[in-house]
Amino acid sequence: GGAAPSDIPVLLYGFDNMQYTYSETLTTGVDGVYTFTNVLMPAGRVFLASTDYDSGTYGSDIVTVDPTTPDLKLQITVYKSTTDTSSLTTDRAHIFFDFTDPLNVQVIEVFIISNPLKQAVVAPTKDGTVVTFPLPKGYTNLQFQDGELGVRYLEVPQGFADTVTVNP
């Protein structure tokens with residue numbers, strides 16, 4: 001909805017068979033355009049681009065090299081940001097219980113969080129948290145499908161918190 005930011009770093013990542021094989025960084029030019037040149041593009045390699053803007057981290061879709069399409073277009077949508085989480089809503093929460101182990105109950109939770117704003121919701125401080133999830137006392141063996149404790153997810157006194165930007 002606004003002018004594309006110029007003069008911000010964009011990182012390009014390449015992966016072959018799910019293995020990191022390439023990266024390069026450059027700065028956007030006028031109108032936020034960036035062009036990586038002389039990049040080796042073997043068939044099947046996947047690329048994605050990312051950038052940090054206004055305290056949020058944003059990425060492109062993942063694109064696979066196709067020999068019939070030599071130029072890849074990796075668009076990154078960025079947003080102005082806010083640290084106000086009051087507009088975030090949990091649209092759905094799925095909770096599954098597994099009683100297979102007679103000594104423990106495995107609980108799996110899936111949350112769908114929405115941001116109705118035109119701004120991304122970001123952590124109030126660098127490396128801070130955006131959303132906190134309470135857990136009952138005595139929980140053990142906390143695991144995540146798409147991250148790990150201490151990296152994207154942080155342990156907090158009442159449970160855990162997520163550090164990822166919540167886009168509109």
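Leaving aside its neighbours within four places in sequence, which residues is Phe36 in contact with? I looked that up before anything else. Val10, Leu11, Leu12, Glu24, Thr25 and Leu26 came back for Phe36, with contact taken as heavy atoms within 4.5 Å.

**Ground rules.** I am working on a predicted model, where local features need pLDDT of at least 70, side-chain atom pairs count only at pLDDT 80 or more, and totals for chains, interfaces and linings use all residues. Residues are numbered from 1 along each chain as its sequence is written, and side-chain values use heavy atoms, with hydrogens and water left out.

**Cores.** I went on to the largest nonpolar core, which has 17 residues. A core here is a set of buried Ala, Val, Leu, Ile, Met, Phe, Trp, Tyr and Cys residues joined through side-chain atoms within 4.5 Å. I noted that buried means under 20% relative accessible area, exposed over 50%, and partly exposed in between, using a 1.4 Å probe and protein chains only. Leu12, Tyr34, Phe36, Phe47 and Leu74 touch the most other members. At least two residues of this core come from each of β1 (9-16), β2 (19-27) and β3 (46-53). The largest share, three residues, is from β3. My strands are DSSP runs (E, at least two residues), numbered from the N terminus. I also found another core lying apart from this one, with eleven residues, including Val121, Val130, Phe144 and Phe160.

**Salt bridges.** How many salt bridges does a search of the whole structure find? I got three, each being a side-chain nitrogen of Lys or Arg within 4 Å of a carboxyl oxygen of Asp or Glu. Arg45 pairs with Asp16, and their closest N and O atoms are 2.8 Å apart. This pair links distant parts of the chain, with Arg45 in the loop between β2 and β3 and Asp16 in strand β1, 29 residues apart. I checked cover too: Arg45 is buried at 10% relative accessible area, while Asp16 is partly exposed at 23%.

Next I looked at Arg152. Its side chain meets that of Asp146 in a salt bridge (2.9 Å, N to O). Arg152 also forms a salt bridge with Asp162, the closest N and O atoms being 2.8 Å apart. Asp146 is partly exposed at 48% relative accessible area, Arg152 is partly exposed at 22%, and Asp162 is buried at 11%.

**Surface patch.** Which residues make the nonpolar surface patch of about 510 Å²? I list Ile95, Phe97, Phe99, Val105 and Val107. For patches, residues need over 30% relative accessible area and no salt bridge; like charges are joined within 9 Å, nonpolar side chains (Val, Leu, Ile, Met, Phe, Trp, Tyr) within 5 Å. Phe99 is in the loop between β7 (89-98) and β8 (106-114), and it is exposed at 60% relative accessible area.

I jotted down Asp7, which has a positive phi of about 65 degrees although it is not a glycine. Asp7 lies in the segment before β1 and is exposed at 62% relative accessible area. Asp54, not a glycine either, has a positive phi of about 50 degrees. I placed Asp54 in the loop between β3 and β4 (56-59), partly exposed at 35% relative accessibility.

Methods:
Accessible areas come from the Shrake-Rupley method with a 1.4 Å probe; for residues, only the protein chains shown count as cover. Helices (H or I, at least four residues) and strands (E, at least two) are DSSP runs, numbered from the N terminus.
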